[in-house]
Amino acid sequence: MSNLNGKATAVAHSNIALVKYWGKRNEALILPWQSSLSVTLAPLEVKTTVAFGAPEDSVQLNGKEAQGSERLRVLALVDELRRGKSALGCVRVHSEGNFPVSAGLASSAAAFAALALALRSAAGLPRDVEATSLLARLGSGSACRSVQGGVCVWCRGKRKDGADSFARQHFSPQHWPTLRMVAVVLSREEKAVKSRDGMRSAVKTSPYYPAWIKSAEEDIQPALKAIAARDLERLGTLAECNAWRMHATSFAAEPPLSYMKPSTLALLLALEEERQRGTPVWFTLDAGPNPVLLTEEAHVPKVLAFAQSFSPLETVVCHPGGDARLEEAHLF
Ligand code: PMV
């Protein structure tokens, strides 16, 4: 490996959106129609090592050589850097997550945030959270919100070239250290319709889509206020409503699309009763069947007991995580 001129390793956390990103106004640049807001999820993380000066481009994800569109998405970020610095040459990329990829825990957000940070460092570029977020966005939209920790907002931006469409931190993880996000893995089946296809269909065919853009954009400020006040009830109520509305765009698409399984809906409907029993717990749901439950640290045992009654394959208790970071220990 002595011919490798620039090598770096980065680690980034996954994130969960409380105001979802759902739909692109520009597919190639991954520009959203509306802004979104998320909390970074520790301890879920992906570690990525990159090295320029390799004999050929090679991409290994969780021990397997990446193929097809997976490989192209990784190389899209590399090509973006090579456009400015052609002398960088070929790249070797290894990436490993500490959590299951198909559990709906946004492994791609963590992976592309780590990749963007490692690539910029290996290319000798200075630390710059905005530029890293812009680069991460080219792999997967939600990844731009995993460059910084705590609560981040991805501002949709207005420019055609996407230069103003990146995420920035609004609250550090220390602002609300007792906030808990409990991922309830009800199914590990690969989803039939990937997020990018589901959102494309909603944008093109759902009569509810224009209403979604407006209401999601209007959710950002109240969500920030609820987080500023550490008001779980206000934040949870808003997050649930936002998730229902995101899913409603897809229920109303042609053909109609549901990411929920019967067990998902059973759990979501039972939450109201659980709240009436005194447990402060609310849900959010990405484009998959596995809900993430929002609560406070003190109530995690009750929330886990509630989740157990739906026989999950796994539950993962997460807390607000920190920034993506560089590490000395490389994967190769
Ligand atoms: O970034 P993508 O292409 O994986 O899309 C993410 C979409 C949602 O997870 C459903 C919502 C979000 O904002 O993370």
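Predicted model: local features only at pLDDT ≥ 70, side-chain atom pairs only at ≥ 80, totals over all residues.
A crossing of two helices is left-handed if the near helix is turned anticlockwise from the far one by less than a right angle, and right-handed if it is turned clockwise. Residues are numbered from 1 along each chain as its sequence is written, and side-chain values use heavy atoms, with hydrogens and water left out.

The protein chain is divided into domain 1 (7-176) and domain 2 (179-318), with bounds that come from an automatic or database domain assignment. The C-alpha centres of domain 1 and domain 2 lie 23 Å apart. Across the boundary, 36 residues of domain 1 are in contact (heavy atoms within 4.5 Å) with 49 residues of domain 2. Between them the two domains bury about 3,500 Å², where buried area is the accessible area (1.4 Å probe) that two parts lose on being put together, summed over both. Carbon and sulfur atoms account for 69% of this area. On the side of domain 1, the residues that lose the most area to domain 2 are Leu18, Trp22 and Trp176, together 30% of what that side buries.

Helices (H or I, at least four residues) and strands (E, at least two) were taken as DSSP runs, numbered from the N terminus. Helix α2 (residues 107-122) packs against helix α3 (residues 129-137) at an angle of about 125°, with the axes 8 Å apart. Axes are lines fitted to C-alpha atoms, for helices over the stretch in contact, and angles run from 0 to 180 degrees between N-to-C directions. Helix α2 is therefore oblique to α3, given that angles under 35 degrees count as roughly parallel, over 145 as roughly antiparallel, 65 to 115 as roughly perpendicular and the rest as oblique. The crossing of α2 and α3 is right-handed. Helix α2 contributes Phe112, Ala113, Ala116, Leu117 and Arg120 to the contact, and α3 contributes Ala131, Thr132, Leu135 and Ala136.

Several backbone features were also identified. The peptide bond from Ala42 to Pro43 is cis, with omega near 10°, and Pro43 lies in strand β4 (residues 36-54). A cis peptide bond also links Glu254 to Pro255, with omega near -5°; Pro255 is found in the loop between α6 (232-251) and α7 (262-276). Ile30, although not a glycine, has a positive phi of about 50°, and this residue is located in the loop between β2 (24-26) and β3 (31-32).
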